[in-house]
Amino acid sequence: MFQAVTMVAVDPREQVQALCRRWAQALKGTAERDRRMEFFRRELPALLSDGALFEGLLKGIVKGDPYPELRQETMFANELVLYRDPGRIFSLRLYIFGPGEFTPLHDHTSWGVSGAAYGQLEAARYRRADDGSDPGHAELILCDRRVLRPGETETTLPFDEGIHRTGNPADGVTLMVSVYGTPLRRLYIQRFNLETGRVRRVFPPRIQKKMLAEQALKAMTGPGPGLAPGG
Ligand SMILES: [Fe+2]
């Protein structure tokens, strides 16, 4: 006699948390950057191939579920934080790219391992041709451009070793999933303008707002003309 097997849909949040806790456990005692990156290069493809999980996550977002939390602060508008390891060993993030959409050229403050869960993912790496002495200017040379198919991964390194641009070179949609390591001591990432060579510092929104308030306060209370009553 056959017994009916009931398929219980796993909650995407629980599934992500269970996976990430397992990763954190497995990485205990592995402090070396290259070994951590190697670990995620091995682990990420299985996650990337879990179409049902990503479908579940997207449905939750559309429905307004509390997970993933859309109000969490991110550096990119298309970025969603799926998990932050309490021990700060890594974070897991999802990026949604529409047709032909790319990030600006940028660097990171940590290493990263990324791959596509859906669609095509283009990753272009650049290196600096200048000596880095001018913080506001960079000359960049394209050194590698690849289009990854779902399941393939790509790595990036902190600061000048990881200047890149990622996005969707095709008509459809791309889901990029990235694991980033512990951020190194720099509060901002940099965005690069390839045409003008201009380098812009981008701070997390809460720090940016604090800096703006400090600047405004200095202008209003410092020497020089104050604010006229009534604006
Ligand atoms: Fe990036």
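Among contacts in the chain between residues at least 6 apart in sequence, 73% join residues at least 24 apart. Please keep in mind that the model before us is predicted. The chain has four helices and eleven strands, and 24% of its 231 residues count as buried. Taken along the principal axes, the box filled by its C-alpha atoms is roughly 90 × 45 × 45 Å.

I now turn to helix α1, which runs over residues 12-27. How far apart are its end C-alpha atoms? They are 22 Å apart, and this agrees with expectation, because 16 residues at 1.5 Å a residue should span 22 Å.

Let us consider next which residues of α1 are buried. These are Pro 12, Val 16, Cys 20 and Trp 23. They cover an arc of only 55 degrees around the axis, and therefore they lie on the same side of α1. The general principle is that an α-helix has 3.6 residues a turn, so residues three or four places apart point the same way.

Which residues does the face turned away from the buried side carry? On that face of α1 we find Glu 14, Ala 18, Arg 22 and Gln 25, and these residues are exposed.

Finally, I draw your attention to what follows the helix. After α1 comes Gly 29, and the phi of Gly 29 is positive, near 90 degrees.

Technical notes:
Residues numbered from 1 in each chain as written. Predicted model: local features only at pLDDT ≥ 70, side-chain atom pairs only at ≥ 80, totals over all residues. Helix = DSSP H or I, 4+ residues; strand = E, 2+ residues; numbered from the N terminus. Expected span 1.5 Å × (residues − 1). Buried ≥ 20, exposed ≤ 12 C-beta atoms within 10 Å, placed from the backbone. Arc of directions from axis to C-beta. Contact = placed C-beta atoms within 7 Å.
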